[in-house]
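Please open the structure in a viewer and keep the selection tool at hand.

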Amino acid sequence: MKSILVLSLIIAPLGIFADEVTVKVDGMVCSFCSQGLTKAFKAESGVDSVEVDLDKKIVALKTKSSSPTDERIRQIVIDSGFKVQGIERRS
């Protein structure tokens, strides 16, 4: 147990996530919309977590170093039946 704690204290400052990506999505109105986008993004190997805020119309992604490209993110949103209004990345 101690070794796991020590390892996490060493790795955490190095940055487990490569990026935090905020995607502004037009057309999300219900929990069904949220579930569909969450499922689509979680199927991507480079996405570690997905949070959807219906009120703000955003999808917040935490990605690994193999983060999907902006074009791939756009395609996931479009394939899910929505429109991308913007993509913002933070490292």
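Select helix α2 and helix α3 first: their crossing is right-handed, a term used when the near helix is turned clockwise from the far one by less than a right angle. Helix α2 covers residues 31-42 and helix α3 residues 70-79, and their axes come within 10 Å and cross at roughly 140 degrees. This makes α2 oblique to α3, since angles under 35 degrees count as roughly parallel, over 145 as roughly antiparallel, 65 to 115 as roughly perpendicular and the rest as oblique. Now display the side chains of L37, A40 and F41 on α2 and of I73, I76 and V77 on α3, which make the contact (heavy atoms within 4.5 Å). By class, this contact has six nonpolar, no polar and no charged residues.

The model is predicted: local features need pLDDT of at least 70 and side-chain atom pairs pLDDT 80 or more, while totals for chains, interfaces and linings use all residues. Residues are numbered from 1 along each chain as its sequence is written, and side-chain values use heavy atoms, without hydrogens and water.

How many disulfides does the structure hold? It holds zero, a disulfide being a pair of cysteine sulfur atoms within 2.5 Å. The sulfur of C30 has its closest cysteine sulfur in C33, at 3.5 Å, which is too far for a bond. C30 is partly exposed at 30% relative accessible area, whereas C33 is buried at 10% (buried means under 20%, exposed over 50%, partly exposed in between, with a 1.4 Å probe and protein chains only).

Finally, select K57, in the loop between β2 (47-53) and β3 (58-63). K57 has a positive phi of about 60 degrees, although it is not a glycine.

Key
Helices (H or I, at least four residues) and strands (E, at least two) are DSSP runs, numbered from the N terminus. Axes are lines fitted to C-alpha atoms, for helices over the stretch in contact, and angles run from 0 to 180 degrees between N-to-C directions. Ala, Val, Leu, Ile, Met, Phe, Trp, Tyr, Cys and Pro count as nonpolar, Asp, Glu, Lys and Arg as charged, and the others, Gly among them, as polar.
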